[in-house]
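Here is my note on the model you sent. Please read it with the structure open.

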Amino acid sequence: MSGTQAKAGESKPAQNKLWGGRFTGGLDPLMEAYNESLSYDKAFYAQDIKGSITWARANTKVGILTKEEFKEIERGFQVVQKEWETDSFDIKPGVDEDIHTANERRLGEVIGPAIAGKLHTGRSRNDQIATDLRLWVREKLVEIEEVHITNLLKVIVSRAEAEIDLIMPGYTHLQRAQPVRWSHWLLSYGFFFADDFKRLKNVIENLNYCPLGSGALSGNVFEVDRRAIAQELGFKGLCWNSMNAVSDRDFLLETMSWGSRFMGHVSRIAMDLCIYSSQESGFVKLADAYSTGSSLMPQKKNPDALELLRGKSGQMHGLLTGFTSTLNSLPSCYNKDMQEGTSAILSTIHLLSTSTQILTGVLSTLATHQSNMAKALEPSMLATELADYLVKKGVPFRETHHISGRVVALAEKEGKGMDDLSAAQLRDVDRRFGSDVRECFNHEAAVEKRTAKGGTARSSVLEQIEVLKVLLETGEIPAWDVDG
């Protein structure tokens with residue numbers, strides 16, 4: 001037997017352990033450390049106190065507590081919360097197993113164990129942590145929605161509006177494809193994040209149900225008013241089955257799943273900007289605040305913020321995969337495995353909050369280089385314009401596609417741009433090319449032809465900007481026209 005095991009067997013659990021009465025032996029110190037969660041679930045101190053005061057009020061209404069005892073509990077928790085807020089709460093290692101134990105232990109020191117000992121009547125840590133989690137996650141997701149993603153969308157809209165005249169190559173398969181407005185590219189991600197914005201509202205709505213009053217698994221024997229509890233805590237409704245209420249962590253999975261998709265979008269825009277900020281492209285330049293240098297090569301300016309955003313997306317996918325695996329095949333009701341969801345959701349919220357703010361900072365401070373964008377606009381990117389030119393003369397598109405391809409091949413063979421081919425050379429490819437074909441070789445004109453909704457013409461881009469403005473004002477994207 002190891003020394004720590006012998007020591008554990010000699011001592012009983014501390015009396016303030018919420019589960020200690022049934023046990024005659026103490027915990028192995030290693031198990032004590034393995035089991036504790038206060039080191040991270042202390043983040044929920046305010047939610048735990050709020051839920052406890054609400055619970056005390058419910059127990060007062062059914063006669064478990066007197067009004068004077070409730071006032072003492074409320075006063076005591078005000079002291080405890082102030083200590084957490086001022087970082088003066090004295091954590092007792094080996095005693096304070098989790099935030100619930102720590103708060104109740106300290107409450108007993110402030111108001112006395114006779115009253116504090118009544119607080120937990122009819123309540124389990126199972127419904128307590130389920131409530132704390134929902135309250136905390138709801139608060140943090142609302143902040144991400146109403147502050148961080150809103151600010152990100154505002155920056156995208158503002159830049160798209162201010163820099164609408166910038167024209168750059170649009171890419172497919174990382175190959176130059178067709179000319180587009182820089183604003184159009186920005187807004188492509190704006191609408192990814194707009195969809196994330198809308199989906200996040202659904203995540204918040206889905207978790208906004210109250211589990212408190214479900215007990216360990218079978219419900220409450222003292223007939224507390226669960227509707228009043230839910231209303232006081234700002235929930236829209238109840239978790240209707242007590243066994244489900246204490247074992248449901250789908251709202252954490254849904255948050256992580258949302259975060260995984262959101263970070264996927266973040267990683268894509270980060271990758272684009274890594275390419276656009278390279279010396280090979282030079283379309284944008286990151287601010288020093290979001291770049292670092294090399295310890296060896298003095299000339300380097302690395303897009304570390306973008307690379308970290310790209311890397312953090314992998315971390316987010318891992319959090320989702322890990323906790324999905326944890327919940328898989330668990331038996332019904334509460335199991336200690338679920339404690340792993342607490343650290344996972346804390347990491348998730350921190351990652352999402354900081355990443356959104358970093359991306360907003362990058363986009364609001366980067367510089368654009370119109371000259372480099374213009375230099376990258378090759379004549380071959382207008383090959384589709386030649387095909388469309390012939391379509392307007394009644395030639396089937398499939399035929400015009402082949403004709404335009406022959407023009408591209410000729411230009412490559414001649415070692416010149418398509419716009420440098422003579423009218424005679426173009427007519428040798430197809431006699432239907434007229435003298436006006438040279439109007440096809442204009443990138444800005446090509447951009448301005450894309451006037452259908454969603455296109456890259458100025459009018460279309462301005463409409464897209466207005467759509468996102470409506471989203472920011474109303475929380476909804478118009479189904480058809482901005483004006484209804």
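1. Two or more lining residues come from each of β1 (167-172), α9 (182-207) and α12 (250-276). Keep in mind that this is a predicted model.

2. The space in the largest pocket is about 450 Å³. By type, its lining residues are nine nonpolar, five polar and two charged.

3. The largest nonpolar core contains 71 residues. Leu141, Trp182, Trp185, Phe193, Leu273 and Leu363 have the most contacts inside it. At least two residues of this core are supplied by each of α8 (125-162), α9, α12, α13 (304-327), α14 (340-365) and α20 (458-474). In soluble globular proteins, nonpolar side chains tend to be buried together.

4. Trp185 deserves a separate look. Beyond its neighbours within four places in sequence, Trp185 contacts Met168, Ile269, Asp272, Leu273 and Tyr276.

5. Is Arg181 buried or exposed? Arg181 counts as buried because its relative accessibility is 1%, and buried means under 20%. Arg181 lies in strand β2 (residues 175-181).

6. What does Arg181 touch, not counting residues up to four places away in sequence? Its contacts include Ile164, Asp165, Leu166, Ile167 and Met168, as well as Val447, Glu448 and Arg458. Arg181 and Glu444 are 263 residues apart in sequence, yet their C-alpha atoms are 9.0 Å apart in space.

Note on methods
Residues numbered from 1 in each chain as written. Predicted model: local features only at pLDDT ≥ 70, side-chain atom pairs only at ≥ 80, totals over all residues. Heavy atoms only, no water. 1 Å grid on protein atoms, 1.4 Å probe; cavity = no way out; pocket = protein on both sides within 12 Å on 5 of 7 lines; lining within 4 Å. Points joined across faces, edges and corners; volume = space filled by probe spheres on them. Helix = DSSP H or I, 4+ residues; strand = E, 2+ residues; numbered from the N terminus. Nonpolar A, V, L, I, M, F, W, Y, C, P; charged D, E, K, R; others polar. Core = buried A, V, L, I, M, F, W, Y, C linked by side-chain atoms within 4.5 Å. Buried < 20%, exposed > 50% of the residue type's maximum accessible area, 1.4 Å probe, protein only. Contact = heavy atoms within 4.5 Å.
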